[in-house]
Amino acid sequence: MNEAQDLFSLLRQSTDVDPQAIDAIKRTIAEGQDRELCRINAPAFASKHGLDEERTISAFLHAARVGIFDISWNVLCPGCGGVLDTNATLKTLQKDEYTCALCAEGYSPTLDEMVEVTFTVSPRMRRIAAHNPHELPLAEYFRQIYWASGVDLPDEDFAKRMEAFSLEDIELAPGEKAVLPIQLPSEFIIVFEPVTHSAQFIDVKGEPTKERRSLSLVFDRDHVQNQTLEMQPGPLRISLENRTDTRVLPAVFIAGQALHDILGKRRPFLTAKRLLTNQTFRDLYRTDTLDINQRLKITSLTFLFTDLRGSTALYERVGDLSAFDLVRAHFQVLHEIVAAEAGAVVKTIGDAVMATFATPDRAIAAALRMRDAMRALNDKSGREDLLLKIGVHAGPCIAVSMNERQDYFGQTVNIASRVQNLANAQAIFATRAVVEDNLTADLLHRNALTPVPHEVSLRGIEREIAVYTIP
């Protein structure tokens, strides 16, 4: 208990952590049910407790940094929402493809919607059942370990809800064998084992039979899926053998409406993409993100580039010391705005800034605030010293590790940089992918801004692209 108090005291010393979020976290650790402390969905936690989402994510990151939580990076099946793989860090996410046995589909992982980031209370703070997952009852194993935090499972009567689509289930210790007798209904049946992610599909149709049939299934780490079998309704004896060194939990499911209903309800979760574009995460974890040989795909990320126009003339005009102070003040303002709009500064190059945002609208909101902030700084000095060029583009990219820090690579990055070079100090330049985003369009409409399109040629880009001036 004393250690817990010490860790929370340390957490409260971080001046940028929301005290309300800390109070909610501390209260949940003290009073919450075990399942509330396993793989916590930070956006859902914020919604439940009436907290600001970004500040809540920041609080969880700080809490994990001091040892209150363990972070988990979970590879998800986009179909059923199952966790296909879990990692203590993003560095160990190395596979090019993952297969979901339950959905019988293979997926190439992206950081957008296929990798979630969750927080589990550290055993130092409180022991929970999920710290020993192989002791969880079957329903809780599915709730806390197999299905991701984005599947909005019911808080109450979850085990009873599972009974609506479960025919039978059994627990097998390492090396144990058992026989499971069932009566096959005229339904599509799945014999699914969530520890080894093994599945056997049975398409039950035709005339019922009284003939007793047999099926043998072996659970190991090598054979996770068998071909679909066709059977008639009637009695079936399933012989099961556990050849792993852990407990397995085979269950016989009816792949009907009850199963689809429980998996169909989804909620937002903290994606790896969103976390990588979070300034608090970059500040706290810095190089402890990607392995130098990793190349992780992101389907869509928004890049914002800025640069000061005429900075060389600025140093000549006002002198090195005054110019340095102005440039430093401009950097501080830009960093604050990027963080406030849920983005992250990737790097600065001379007087330029490269920042990322999970969605285009947040980048445009940041760009508008940056332009206003530079005008305010210029008004304060009485001179047009800070002339900021801004370019924004969104698209696919690859997250990489370069020069001991997380960075991004790809044509989207190149285009964003080129678009910034087109801009002047009076306007923001953005591509069609940005301005045609629905949230961006709403933002511009609310600010009575009408983007002006024009086709441009960019160095190194073969085709002309549509670039919009935001006046």
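**View 1. The outward face of α2.** On the face of α2 turned away from its buried side sit the exposed residues Gln20, Ala30 and Glu31. Keep in mind that this is a predicted model. The helix itself runs over residues 19–31, so to speak 13 residues end to end, and spans 18 Å from its first C-alpha to its last, close to the 18 Å expected at 1.5 Å a residue.

**View 2. The buried side of α2.** Here we look at Ala21, Ile22, Ala24, Ile25, Thr28 and Ile29, the buried residues of α2. They end up on the same side of α2 because the arc they cover around the axis is only 165 degrees. Among the elements covering these buried residues are the helices α1 (2–12), α3 (42–49) and α4, plus the strands β1 (69–76) and β5 (115–121).

**View 3. The N-terminal cap of α2.** Asp18 does the capping at this end of the helix. One of its side-chain oxygens is 3.1 Å from the backbone nitrogen of Gln20.

**View 4. The largest nonpolar core.** This core has 92 residues, and the members touching the most others are Ile68, Phe69, Phe119 and Tyr408.

**View 5. Around Ile68.** Setting aside neighbours within four places in sequence, Ile68 is in contact with Leu7, Phe8, Leu11, Ile29, Ala63, Thr120, Val121, Ser122 and Met125. Ile29 is also one of the buried residues of α2.

Terms used. Residues are numbered from 1 along each chain as its sequence is written. This is a predicted model: local features need pLDDT of at least 70, side-chain atom pairs count only at pLDDT 80 or more; totals for chains, interfaces and linings use all residues. Side-chain values use heavy atoms; hydrogens and water are left out. A nonpolar core is a set of buried Ala, Val, Leu, Ile, Met, Phe, Trp, Tyr and Cys residues joined through side-chain atoms within 4.5 Å. Buried means under 20% relative accessible area, exposed over 50%, partly exposed in between (1.4 Å probe, protein chains only). Contact means heavy atoms within 4.5 Å. Helices (H or I, at least four residues) and strands (E, at least two) are DSSP runs, numbered from the N terminus. The expected span of a helix is 1.5 Å times one less than its number of residues. The arc is that of the directions from the helix axis to the C-beta atoms. A polar contact is a pair of N or O atoms within 3.5 Å; within protein, one must be able to donate a hydrogen and the other to accept it, and residues adjacent in sequence count only if both atoms are side-chain atoms.
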